[in-house]
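Morning, everyone. Let me put the model up, and then we will walk through it piece by piece.

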Amino acid sequence: MTDTRELTLCEAIREAYIDEMRRDERVFMMGVSIQAGSFPHTKDLTPEFGTHRVVDTPLAEPAIAGAAIGAAQEGLRPIVDFMYAGFSYYAGSEVFMQASQYYFLHGSQLPLPLVFVGTCGVGRRVANEHSTLPYGALIHHPGIKVCMPSTPYDAKGLMKAAIRENNPVFFLWHTSMMSFKGHVPTDDYVVPLGKADVKREGTDVTVLTAGMQVHTALKTAEKLKDEISIEVIDARSFEPFDRDALFKSLEKTTRLVIVDEDFERAGFSAEISAQVMEHGYDLLDAPVKRVCHPNFPIPGGYMDVYTMPTVEKVESAIRDVCR
Amino acid sequence: MQTTAVAAASKRGKASPLTDEQKILLFRNLMLAMALDRMMMRVIRAGRMVGFYHEGGIALAPGVAAGTFLRKEDILWPHYRAHGLAHMLAKGIDVKLYVAEHMGREAGCCKGRSSFHFSFPQDHVFGLSGNIGANFPMVVGYGFAAKYKKTDQVVMNCSGDGSYGEGRAHEALLISALWKLPVVFWLENNGMAQHSGEQDLFPGKEISVLAAGYGIPAMKVDGQDLFACAETALAAIAHTRSGKGPIFIECRTLRAQEHSVGNLNNEGPVKRDQKLMDEWKATRDPLKIAAARLIEEGLLTETVFTEWQAEADKQADAMDEFSEASPKAMPSVEELYTQVYAGKGN
Ligand SMILES: Cc1ncc(C[n+]2csc(CCOP(=O)(O)OP(=O)(O)O)c2C)c(N)n1
Ligand SMILES: [Mg+2]
């Protein structure tokens with residue numbers, strides 16, 4: 001029997017760091033003020049691992065992202081914590097070009113094992129840089145894997161998979177979920193990249209989502225449970241994406257709503273809609289419906305709480321596909 | 001005083017280049033800046049602010065000095081600490097609109113949609129970025145535009161020591177020097193960035209040494225000494241306005257509290273020394289230092305100090321009340337969709 005206890009999302013990520021740094025000397029991490037712990041997932045790691053493995057850097061995102069690439073090429077397994085994922089945009093060339101495209105372009109010879117970490121998410125009233133979710137932009141660039149957990153269990157398992165992965169991975173976590181609690185085994189386990197998870201079974205409509213929006217979808221499913229049976233699929237990883245799991249669900253429900261906290265235009269939900277159109281058209285009894293962030297910059301003030309997906313918007317989309 | 005700036009000033013004659021009126025203006029600007037800082041802290045602690053606030057504390061003299069002597073058409077990029085309130089009020093900007101922005105109100109300077117960003121384009125203050133260091137490329141553009149338009153505008157580019165980690169800081173130094181742009185690199189160095197101390201940020205204690213590599217003149221000043229900062233600002237503005245190209249000013253200041261409200265107060269893994277910070281507040285408070293100077297020079301009395309202080313607090317409270325009186329900005333998604341692109345160009 002496995003031992004499990006309640007951990008917060010950040011504690012679960014931290015546990016993955018500890019396990020993997022104990023297991024593998026080559027793993028180290030860099031970031032701005034990670035030793036003190038700008039966020040709790042890197043707090044108090046220096047007593048065990050030292051300041052040479054938990055490295056505080058100047059504010060120099062392009063340099064640390066590029067340094068991770070270099071260190072990985074020389075056999076280390078770096079983790080770079082950007083703090084907010086929005087700060088990683090300073091390192092656009094390193095993330096989108098150098099890290100993502102290195103392996104393929106250089107003859108698929110040398111694996112590039114590194115993990116970028118960033119927090120993101122709408123709804124905290126802090127506007128664009130401290131909210132923006134980069135997964136749509138990331139998956140546009142082949143060569144980097146991208147994941148985001150919705151539970152502490154998934155957080156630990158996905159982070160372990162990311163650290164062991166032989167490719168660049170961008171691990172995103174939702175800032176509003178920092179203190180979300182859930183059971184986490186003490187055992188070693190991974191949540192493989194590219195494996196979706198059915199977070200709630202249902203027969204009428206499939207809601208595909210990830211991260212914080214899994215919880216919006218679950219709340220909506222609970223609210224409508226006497227009327228509509230909703231299956232909630234947590235993508236967990238955007239690239240690779242588990243299309244088989246989605247299609248298996250659609251065989252049953254024949255209706256799809258995608259809830260995506262990122263911008264609607266040309267993002268994850270647009271990509272999946274196109275894939276369903278091309279490869280799963282016959283499975284559908286209604287057009288796909290999306291609930292996303294509108295196509296304007298993420299506002300702050302009192303606005304982001306209602307400009308992002310809400311239970312009301314998800315409910316309305318579900319009712320639309322059921323008509 | 002041992003600063004280069006004051007040494008430079010005293011070379012021109014014993015007296016400070018500051019007039020009595022300027023000293024009093026600076027002093028009252030600092031008083032108001034610190035009153036605003038306290039008011040903002042009350043507002044965020046009461047849960048009435050949206051977004052963040054990063055307390056200024058005893059670090060506001062450089063900002064006041066940087067802003068006070070700018071003309072309306074001069075370009076200012078305020079340091080984000082205390083959210084640039086000191087810099088902007090010193091430049092004569094109606095900062096209550098920015099207070100209202102922090103509270104998500106319709107009266108806010110960005111229509112309540114930005115949390116902590118500001119924009120006063122008519123005052124040549126264009127914005128703030130959540131990404132630290134975003135100022136550097138833009139100030140190159142401001143300087144370029146000033147030269148292109150053949151104006152004598154000065155660009156006051158204020159930011160912290162942390163921002164000089166970014167490559168874009170170094171790129172901006174390079175291009176400003178190369179093109180002789182009218183940019184003041186106004187560094188407010190508190191020896192810290194977030195939860196890291198200077199030993200983890202920069203090899204050496206003085207960041208202004210960077211300037212020499214690009215042939216940019218540099219001056220250092222005690223950031224707790226309002227009048228020394230102001231003399232340096234005057235000299236820096238005169239230098240850039242006369243077409244001599246960029247200049248680098250390093251104000252050494254102090255962070256006597258945590259990075260932001262409710263945050264840790266560490267240097268790396270180690271908690272910072274509370275006693276030392278309390279001592280700074282007691283002995284290195286720029287308002288107390290400046291007040292002592294003014295009293296010594298017969299420009300201020302204890303009674304007037306108390307009167308002015310009360311006035312500053314009243315002014316700060318009035319900005320809070322103004323903001324509270326404005327409705328929370330909650331436009332519809334449809335309305336926001338109309339706001340993404342500007343209208344027709346020409
Ligand atoms: C690109 C980027 N990296 C990191 C951060 C997080 N951050 C916000 S303020 C700050 C410290 C900035 O230090 P400094 O410029 O010295 O200003 P100070 O707070 O010391 O006044 C950091 C690291 C950020 N906002 N943007
Ligand atoms: Mg600093």
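Start with one pair. Glu20(A) forms a salt bridge with Arg23(A), and their closest N and O atoms are 3.1 Å apart. A salt bridge here is a side-chain nitrogen of Lys or Arg within 4 Å of a carboxyl oxygen of Asp or Glu.

Before going on, two ground rules. This is a predicted model, where local features need pLDDT of at least 70 and side-chain atom pairs count only at pLDDT 80 or more, while totals for chains, interfaces and linings use all residues. Residues are numbered from 1 along each chain as its sequence is written, chains are lettered from A and ligands numbered from 1 in the order in which they are written, and side-chain values use heavy atoms, with hydrogens and water left out.

Back to our pair. Glu20(A) and Arg23(A) are three residues apart in helix H1 (residues 9–23) of chain A, so about one helical turn separates them. Helices are DSSP runs of H or I with at least four residues, strands are runs of E with at least two, and both are numbered from the N terminus.

Is Glu20(A) buried or exposed? Glu20(A) is buried, at 0% relative accessibility. Buried means under 20% relative accessible area, exposed means over 50%, and partly exposed is in between, using a 1.4 Å probe and protein chains only.

Arg164(A) is partly exposed, at 28% relative accessibility.

Now zoom out. Glu20(A), Arg23(A) and Arg164(A) belong to a network of salt bridges, which also includes Arg5(A), Glu15(A), Asp19(A), Lys156(A), Lys160(A) and Asp188(A). Over all chains, the structure holds 41 salt bridges. Another of them joins the side chains of Asp197(A) and Lys199(A), at 2.7 Å from N to O. Asp197(A) is partly exposed at 25% relative accessibility, and Lys199(A) is partly exposed at 22%.

Next, helix H6 itself. H6 of chain A covers residues 152–164, has 13 residues, and reaches 18 Å from its first C-alpha to its last, close to the 18 Å expected at 1.5 Å a residue. That expected span is 1.5 Å times one less than the number of residues. Eleven of the 13 residues of H6(A) are buried, so the helix is largely enclosed by the rest of the structure. Among the buried ones are Lys156(A) and Lys160(A).

A cis peptide bond joins Glu239(A) and Pro240(A), with omega about -5°. Pro240(A) is in the loop between strand S12 (237–239) and helix H8 (243–253) of chain A. Then there is Ala127(A), with a positive phi near 65°. Ala127(A) lies in the loop between strand S5 (114–120) and helix H5 (135–139) of chain A. Why point these out? Most residues other than glycine have a negative phi, and most peptide bonds are trans.

Over to chain B, and a metal. Which residues coordinate the magnesium ion (ligand 2)? They are Asp161(B) through OD, Asn190(B) through OD1 and Met192(B) through O, at 2.0 Å. Donors are N, O and S atoms within 2.8 Å of the metal (3.2 Å for Na, K and Ca); water is not among the atoms, so sites may look incomplete. Asp161(B) and Met192(B) are both buried.

Last stop, where the chains meet. The contact takes 42 residues from chain B and 37 residues from chain A. Contact means heavy atoms within 4.5 Å. How many salt bridges cross the interface of chain B and chain A? The rule finds zero. Polar contacts do turn up: 19 residue pairs between chain B and chain A, both residues at pLDDT 80 or more. A polar contact is a pair of N or O atoms within 3.5 Å; within protein, one must be able to donate a hydrogen and the other to accept it, and residues adjacent in sequence count only if both atoms are side-chain atoms.
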